[in-house]
Amino acid sequence: MKYIILISLLFFLINIGNAINISAVSFSFNGGGDIYKPMIDSFNKYAKQNNLDITVSLDLYTNENSTSLVTDYESMLDSLIQSDSYDLYFYDNIYSTKFGPHLLNIKEWISQEHLNLYSEGIASQSCVYNDKWVGLPINIDFAVIYSNPLYTNKYNVPAPKTWEELLESGKYIINEEAKIGNTDLIAYNGLFNSLESGTCSLYEFIYSYRNSVNDPYPQLPSQESIDALEMMKKLTQEINTESQFQNDDGYTGSKLMDGKFVFLKFWYLSMVTNYTISPIPGVREGISGSAIGGYNLGISNHIDDSKKQAAVTAFEFITSKDMQKKIIMKNKLYSGIPSLYDDEEVCATVDCAFFKSIQLVARPTSKSNNYSNYSEKFRNYIYEFLYGDKSAYDVLKKINDISKFYYLSLDRSETPFGLIIIISFIILTLTMVFSLKFIYMNKYKPYFRFIPGDMWILSVFGCILIMCTCFTGLGEVTLLKCQLKLLTFSVGFTLSLIPVFCKLIANFPDENSISKWVDNHKYIFLSVFILCDFLLYSLSFNTPYTIEPKLVDDGQNYQKCKTTKSGKLMVYLILISKLIIILCILFFTFVEWNMELTRDDIRYLSVALYMDIISFGVLMFINFMDLNNYIVYYGVPDFIYLFFAVTNYIFLYGFRIIRALMGKESEDEIFLKNFRKNTSSNGNVYLMNSSTSNKFGSASCSNNSSSKDLSNQLSSKILNYHYRKNTNNTSDFSTASTTQLTSNSNYY
């Protein structure tokens with residue numbers, strides 16, 4: 001016997017060690033907490049009977065035991081839900097979006113059959129975050145109209161089904177009662193106050209103005225929403241004072257107690273039986289709307305898998321159809337399982353027809369991660385119309401702007417800037433493409449001898465590619481657009497300037513192997529720079545950008561491309577590489593500044609480079625500014641991309657067309673003129689260069705004893721190059737020029 005007791009005790013201790021304790025927490029300040037403890041007790045009893053070795057404990061915070069939490073419920077739950085303090089959370093359904101990242105996606109843990117019980121009801125609006133089911137409703141609160149039979153029966157007035165009926169019946173009864181001295185009576189309370197209940201009243205009122213039962217929530221602004229606000233104001237002006245509409249829930253509760261009302265809007269209370277209860281009216285009969293309250297049950301995403309599985313077991317039991325059936329039959333609450341109102345046993349206890357007639361709508365919790373802030377702005381903007389002098393359209397647009405993100409588009413209703421950019425791009429692109437025909441016309445070929453024709457095509461295409469960057473600033477912001485913006489601009493920059501850079505290296509005053517190699521391998525030289533663009537871009541192995549919202553108070557929100565750490569490295573390296581290219585080209589323009597054959601080309605090129613530097617500066621300045629105007633944020637960079645491309649096109653290629661169209665010389669006349677000019681001036685130029693060289697050579701010799709000798713030699717050599725008017729290979733000039741003249745027709 002002693003051994004049996006010891007063995008039994010051992011098994012008992014083992015079971016205790018293996019038992020899983022699940023902790024649940026609920027914050028209930030609306031009376032709904034009365035149903036949570038019976039649910040937990042029922043599960044614990046079920047678990048014990050089925051040897052599940054799972055125990056659930058509940059911490060319930062209410063008005064009575066936690067006064068401080070009443071005013072700080074959101075922040076308290078926020079601090080708890082980000083940890084593993086609790087496994088199960090009974091939370092207000094307005095926080096599904098805010099707390100969704102910390103809750104388990106139950107769709108991956110429970111059966112589809114179980115989820116389908118709820119998916120056809122309001123749960124699809126109140127329990128889903130980013131396409132994830134983060135909870136299921138335990139109880140659902142909704143508002144109704146209480147009609148006082150003391151007056152409605154007296155004047156033979158039915159419960160109102162439309163807002164017009166409520167207005168007319170309320171005015172009639174109030175006026176008749178005033179005739180007999182009953183002036184304490186209110187026709188309708190509105191409940192348009194500064195609390196969350198005010199948001200519910202406003203939101204459901206607009207919902208009740210949709211055109212049909214199955215229509216979605218009216219757009220803001222729209223004619224339906226404007227009509228809803230106009231009716232609100234009409235009710236305020238014709239049957240009640242503003243102060244009565246602005247009273248809180250306590251005032252409404254007192255009216256339910258004293259009965260001094262005709263119609264009253266308040267949350268559904270099953271224990272209230274002395275008034276006629278009906279759905280909230282609508283724009284027409286059959287249309288209604290009631291914003292939901294109540295609590296969901298969710299599972300923490302921060303607990304280990306063994307606890308998750310145990311929590312899911314408890315979750316499935318608490319949200320089961322049998323448990324919900326028991327709750328609504330006992331407490332006459334609204335269930336998130338619509339099919340229960342087709343159950344004969346349920347309908348024998350509750351008025352299923354009434355519950356089916358309620359047209360629920362979830363509050364706009366997904367509009368913002370900070371719903372409390374959104375809700376406050378929502379009602380305050382409407383009150384600017386309801387109790388102020390703003391127009392319905394203006395306040396509805398301001399509400400829409402709270403959560404709307406603006407961007408440039410072809411829609412001219414917001415701004416014509418997007419359309420202007422597209423039209424400008426098309427016109428400029430067509431101009432650039434068609435202008436390429438000049439390089440193939442014999443009459444104009446001399447004007448484009450600076451680089452070969454195929455290189456001109458690549459340079460102009462680079463300008464077009466830079467303009468294509470504008471498209472990344474049109475339409476909704478996406479990660480792909482963020483990534484393409486820098487890549488498109490970078491490659492376009494390379495194609496635009498490297499062909500010219502190639503020519504400058506090949507045209508260096510002194511003959512050298514590098515210049516010859518570059519001149520003979522132009523495409524390899526260009527490909528190296530393009531490859532560098534892609535290699536630098538690939539330095540960010542992860543996504544180099546994230547999309548960051550820019551929220552503008554009382555303004556128009558927009559989204560920004562924000563670089564990650566690896567993205568910043570990539571951006572800086574690409575920008576540095578482009579600045580190095582510009583500096584190198586500027587160096588070669590200085591060296592070849594006085595070269596006769598390329599004199600004008602160099603000067604126009606230098607202007608293009610300075611314009612590029614200015615454009616880079618403006619782009620960087622805009623990127624670092626904290627702008628509150630989306631048109632400036634998107635529009636100014638797009639304008640700079642166009643400006644960048646157009647200035648490069650004009651000062652590299654376009655000016656040649658203008659000169660060609662203004663000139664009258666034939667191709668041969670222009671070339672012979674340049675040939676004779678350079679041949680006749682060759683000796684003088686070279687003598688000047690020699691003189692200059694000797695001068696600097698003497699200076700160099702005189703300073704040989706100083707520590708700056710090497711620096712002076714380099715400076716004098718660069719200045720020598722700068723003042724030259726032709727290359728060192730003067731003895732071959734005539735031969736080279738004659739050869740070029742005879743092979744002129746084969747140049748392109």
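Q: What is the relative accessible area of Cys-347?
A: In this predicted model, local features need pLDDT of at least 70 and side-chain atom pairs count only at pLDDT 80 or more, while totals for chains, interfaces and linings use all residues. Residues are numbered from 1 along each chain as its sequence is written, and side-chain values use heavy atoms, with hydrogens and water left out. Cys-347 counts as partly exposed, a class that lies between buried (under 20% relative accessible area) and exposed (over 50%), using a 1.4 Å probe and protein chains only. Its relative accessible area is 32%.

Q: Which residue does a disulfide join to Cys-347?
A: A disulfide is a pair of cysteine sulfur atoms within 2.5 Å, and the sulfur of Cys-347 has such a partner at 2.1 Å. The link is left-handed, with -105° about the S-S bond. The partner is buried, with a relative accessible area of 7%, and it is Cys-352.

Q: How far apart in sequence are the parts that the pair Cys-482 and Cys-561 ties together?
A: Cys-482 and Cys-561 form a disulfide with their sulfur atoms 1.9 Å apart, and because the torsion about their S-S bond is about -80°, this disulfide is left-handed. Cys-482 lies in helix α22 (residues 479–506) and Cys-561 in strand β14 (residues 558–563), where helices (H or I, at least four residues) and strands (E, at least two) are DSSP runs numbered from the N terminus. The pair therefore ties together parts whose separation in sequence is 79 residues.

Q: What is the pairing of the bonded cysteines, numbered in sequence order?
A: The count comes to two disulfides. One of them joins Cys-347 to Cys-352, and Cys-482 forms another with Cys-561. In sequence order, the pairing is 1-2, 3-4.
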